[in-house]
Amino acid sequence: MTATHVPGLPVIDDGWLISTNPATGAEAGRVPVADEKAVVAAVERARAAAVWWQGLGFDGRKIRLLRWRTLMVQRIEELAELVHKESGKPLADGTIEAVAAVEHLDWAARHAKKVLGPRRVRTRILVAEHSGHLEYQPYGVVGVIGPWNYPIVTPVGPISGALAAGNAIVFKPSEYTPIVGQWLADTFAEVVPEHPVLQAVHGLGDVGGALCRSGVNKVSFTGSTATAKKVMAACAENLVPVVLEAGGKDALIVDADADVSAAAEAAVWGAMTNAGQTCIGIERVYAVEPVYDRFVEAVVEKAGKLRTGEEIGPITMPKQLDIIRDHIEDALAKGGKAVLGGAEAVQAPFVAPTVLVDVPDDSSEIREETFGPTLTITKVRDADEAVEKANDTPYGLGGSVFGKKNAIRIARRLRSGMVAVNGTLTFVGMGNLPFGGVGESGFGRIHGEDGLREFARAKAITVRRGPSLLPAMTFERTPAQVQQIVKALRLLYGRKP
Ligand code: NAD
């Protein structure tokens, strides 16, 4: 590395990807960069491993996945330390992230059989002599492409579901956090040494592109909306199905009967945790007029206590600092006011907590993903106006509502995949709830039952149980039998409901 190296910026040197800490520039580790041939070779190895892994059945996979879970629990300090060393994330945040990953791994391992396993379905009249069977079969090899902001839980979510469903994985971690990604593959290999069921391949975006075109049977992508579109286009070439977990601009609504202090505490956490580098981070608040002043005051008081370099870690991706500064400056230039922080809050590699009010709706701070510890608070007439403004973005990932009487009704009206009522980000802590967005935040679901089904194909089988009394699906049926079928149908469904 040269003296001009920007701390945190990935460097490729002589076939190695070198990862550095964004706060100190210290090397976190290095991994070999994969070329297209290496990616295809990894997928071929995975294809053979997938056959073995699928053959273990749900019970064989469950025990191995639970062993991996236990390894993660036993070495949680090591994992948190590694994510801290590589991305700069505070240790406590890294620890809680690992806890969330364990939750998803445990849930997927324990529930895959029930959700995906073979079952009988009820016979229907047209083919009454046949029984129906449904099961969910794995795709084969799933390519997982991950971001850097939550390098443990964002890949472990889809990896858990895909592995539990019986797929092998080739994982392309973000170039900003390859060492954490490699740790996941290495520790999995410690508990499943027989075959390369989970492999990591490393490099910049082109390696992700190569993975999309490598012959994988499905791609699970988590990252920005702009890249999601490129991934979908690459996958379209071979009709490879995709699940896309993209960006967000989540809103929190504070209704008139909210506990204002609790709402402020949760807003500050939701906006500032991981220095705001959270896909489901709260970036906008809409507070109704009667509670607005108290809410702003409480947020400023609580956010003002956070210290950069302590609770607020560095911005992991150096070029994001310019975007955060641009958004703050745009908000201020258009008439917004900083009640905490401001343009000077951006001091590379840190951004101090910034709270903005009176920011116009057309400002980038309201419309685009900022991905920093900033929060806008907008005064609204009532919950209806709050919902309208909250939904007025192409994104639709998560969201939050604080209130009592109407909170759940408001939550249902938010255009998003998840909403926390009287909390923020909490839905990510439940392994049995699906996770995913609408609109520019992507489609498909990870986590929960839907997340397991995302990584399996529904397979329908009918089995003849006896001769047909009223044969319908054969040329050998007689006109009289057709009449009898119609008669039976009238008996069953002919009456007005
Ligand atoms: P990014 O889109 O820059 O990169 C994500 C991954 O895609 C990286 O591994 C990168 O190397 C790879 N990539 C880049 N170009 C590619 C291409 N042409 N083809 C295939 N792969 C390519 O995103 P990021 O900066 O790492 O992550 C931050 C973004 O991720 C934010 O927008 C955030 O909201 C989003 N995110 C979403 C979720 C979610 O679950 N919805 C979770 C975490 C982060």
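Leaving aside its neighbours within four places in sequence, V346 is in contact with L321, I324, R325, I328 and V351. These contacts belong to a predicted model, in which V346 has its place in strand β14, made up of residues 346-347.

- V346 counts as buried because its relative accessibility is 7%, and buried means under 20%.
- Between the C-alpha atoms of V346 and F171 there is a separation of 33 Å, the two residues being 175 residues apart along the chain.

**The annotated span**
- An unreviewed UniProt entry places the feature "domain: Aldehyde dehydrogenase" at residues 19-461.
- In the model, the span of residues 19-461 is 43% helix and 19% strand, and its end C-alpha atoms lie 49 Å apart.

**Surroundings of the ligand**
- There are 30 residues around the ligand, and those that come nearest are G146, E175, S224, T227 and E369.
- Sorted by class, the shell around the ligand consists of 13 nonpolar, twelve polar and five charged residues.
- Three elements, α7 (205-212), β9 (218-222) and α8 (225-236), each supply at least two residues of this shell.

**Side-chain atoms facing ligand oxygen**
- E369, one of the residues that come nearest to the ligand, has an N or O atom in its side chain at 2.5 Å from an oxygen atom of the ligand.
- For K172, an N or O atom of the side chain is 2.8 Å from an oxygen atom of the ligand, and a polar side-chain atom of W148 likewise lies 2.8 Å from an oxygen atom of the ligand.
- On its own the ligand has 850 Å² of accessible area, of which the protein covers 89%.

**Helix α7**
- Helix α7, which supplies at least two residues of the ligand shell, is itself mostly covered, with six of its eight residues buried.
- The buried residues in α7 are V207, G208, G209, A210, L211 and C212.
- These buried residues of α7 pack against helices α1 (36-55) and α8 and against strands β6 (141-145), β7 (168-172) and β9.
- Two of those packing partners, β9 and α8, also each supply at least two residues of the shell around the ligand, and K172, whose side chain has an N or O atom 2.8 Å from an oxygen atom of the ligand, falls within the residue range of β7 (168-172).

Notes: Residues are numbered from 1 along each chain as its sequence is written. This is a predicted model: local features need pLDDT of at least 70, side-chain atom pairs count only at pLDDT 80 or more; totals for chains, interfaces and linings use all residues. Side-chain values use heavy atoms; hydrogens and water are left out. A residue is near a molecule or strand if one of its heavy atoms lies within 4 Å of it. A polar contact is a pair of N or O atoms within 3.5 Å; within protein, one must be able to donate a hydrogen and the other to accept it, and residues adjacent in sequence count only if both atoms are side-chain atoms. Accessible areas come from the Shrake-Rupley method with a 1.4 Å probe; for residues, only the protein chains shown count as cover. Helices (H or I, at least four residues) and strands (E, at least two) are DSSP runs, numbered from the N terminus. Ala, Val, Leu, Ile, Met, Phe, Trp, Tyr, Cys and Pro count as nonpolar, Asp, Glu, Lys and Arg as charged, and the others, Gly among them, as polar. Buried means under 20% relative accessible area, exposed over 50%, partly exposed in between (1.4 Å probe, protein chains only). Contact means heavy atoms within 4.5 Å. UniProt positions are given in the numbering used here, feature names are shortened, and annotations may be inferred rather than shown by experiment.
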